[in-house]
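Thanks for asking me to look this one over. Here are my notes, written so that you can follow along with the model open beside you.

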Amino acid sequence: MTNLSIDRSPEQLAEELRGLEHVDWPAVWAGPPNPGQALDDWCALFGWKPTSAERVLTVRSTTGQSIALWPAQEATWAPIKQLSWTSWDMWADYTSENDAVLAHAAATWGAYVAAARPVLGEPAFAGGWDDPALPELAHDQHWLPRGLRLKDMDPYRMAVWRESGPEGRITVLAVSLGAALEPGELRSARINVRCYPPEAV
């Protein structure tokens, strides 16, 4: 039987995305202050509460979602290159379930894209790992280079929404599989939401 460790509903995803609509993105990309009252006040501007202030700042949103803010460079908090969270995570207990994990991932991703459309609009791209129109990044590989992507089928599915201008962001909803399976290995799949500064693609 397959196992789900994270299973946010499409409605919850839409609520999480709506919660980001009024975020001051230039302030987010500039990065947080050091831990302490200043960090608490900075997080409160976005309705967040800091939950961990190690190498990567993690916060809890008003919807209860845990969000990670990834710095552009190690050993510093600013600027931020990516904000991300995981909405769905499944793995197989037996190799006979590997295909079922892929089917569940594709179906859930499709439901998530449908739920995101009323919030984010029509995606600039929505498709699979083998779609020739899948965007290739100019720098800072946010997903696998083309050769590895085709070998690993990763991202297995991806949708991209682009907002231009200083207040904009790039939102990516992707099914990640990891490296191609060796014989006898168990399949796992994770659906992540990632937000990048508008100049990232």
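This is a predicted model: local features need pLDDT of at least 70, side-chain atom pairs count only at pLDDT 80 or more; totals for chains, interfaces and linings use all residues.

1. **Ground rules.** Residues are numbered from 1 along each chain as its sequence is written, and side-chain values use heavy atoms, with hydrogens and water left out.

2. **Salt bridges overall.** Side chains of opposite charge can pair when their charged atoms come close. Here a salt bridge is a side-chain nitrogen of Lys or Arg within 4 Å of a carboxyl oxygen of Asp or Glu. How many salt bridges does a search of the whole structure find? The search gives six.

3. **The pair R8 and E16.** For burial, I use under 20% relative accessible area for buried, over 50% for exposed, and partly exposed in between (1.4 Å probe, protein chains only). E16 counts as buried at 6% relative accessibility, and R8 counts as buried at 18%.

4. R169 and E21 meet through their side chains in a salt bridge, 3.5 Å from N to O. R169 sits in the loop between β7 (157–162) and β8 (170–176), and E21 in the loop between α1 (10–19) and α2 (25–30), so this pair ties together parts that are 148 residues apart in sequence. Helices (H or I, at least four residues) and strands (E, at least two) are DSSP runs, numbered from the N terminus. R169 also forms a salt bridge with E163, the closest N and O atoms being 3.9 Å apart. Through shared partners, E21, E163 and R169 are joined into one network. Is R169 buried or exposed? R169 is buried, at 1% relative accessibility, whereas E21 is partly exposed at 35% and E163 is partly exposed at 28%.

5. W25 lies in helix α2 and is buried, at 1% relative accessibility. Setting aside residues up to four places away in sequence, W25 touches L20, L83, E167, G168, R169 and C195; contact means heavy atoms within 4.5 Å. If you want a sense of scale, the C-alpha atoms of W25 and N98 are separated by 39 Å, with the two residues 73 apart along the chain.

6. **The nonpolar cores.** A nonpolar core is a set of buried Ala, Val, Leu, Ile, Met, Phe, Trp, Tyr and Cys residues joined through side-chain atoms within 4.5 Å. The largest has 46 residues, and those with the most contacts inside it are V28, W48, L69, L83 and L173. Helix α4 (residues 98–120) gives the most to this core, with eleven residues. Apart from this core lies another, of eight residues, among them F125, V172, A174 and Y196. Beyond its neighbours within four places in sequence, L69 has contacts that include V28, W42, W48, I80 and L83.

7. **Helix α4.** This helix has 23 residues and reaches 32 Å from its first C-alpha to its last, close to the 33 Å expected at 1.5 Å a residue. That expected span is 1.5 Å times one less than the number of residues. Just after α4, G121 takes a positive phi of about 90°.

8. A cavity here is a set of points on a 1 Å grid over the protein atoms alone where a 1.4 Å probe fits but cannot get out, and lining residues have an atom within 4 Å of a point. Which residues line the largest cavity? They are L13, L17, A116, L120, W161, T171, L173 and V193, with α1, α4 and β8 each supplying at least two residues of the lining.

9. **Backbone details worth a look.** Most residues other than glycine have a negative phi, and most peptide bonds are trans. A cis peptide bond joins A78 and P79, with omega about -5°; P79 is in the loop between β4 (66–71) and β5 (80–91). Another cis peptide bond joins D154 and P155, with omega about 5°, and P155 lies in the loop between α5 (146–152) and β7. M153 is found in that loop between α5 and β7, and M153 has a positive phi of about 55° although it is not a glycine.

Methods. On a 1 Å grid over the protein atoms alone, a cavity is a set of points where a 1.4 Å probe fits but cannot get out, and a pocket is an open set with protein on both sides within 12 Å along at least five of seven lines; lining residues have an atom within 4 Å of a point.
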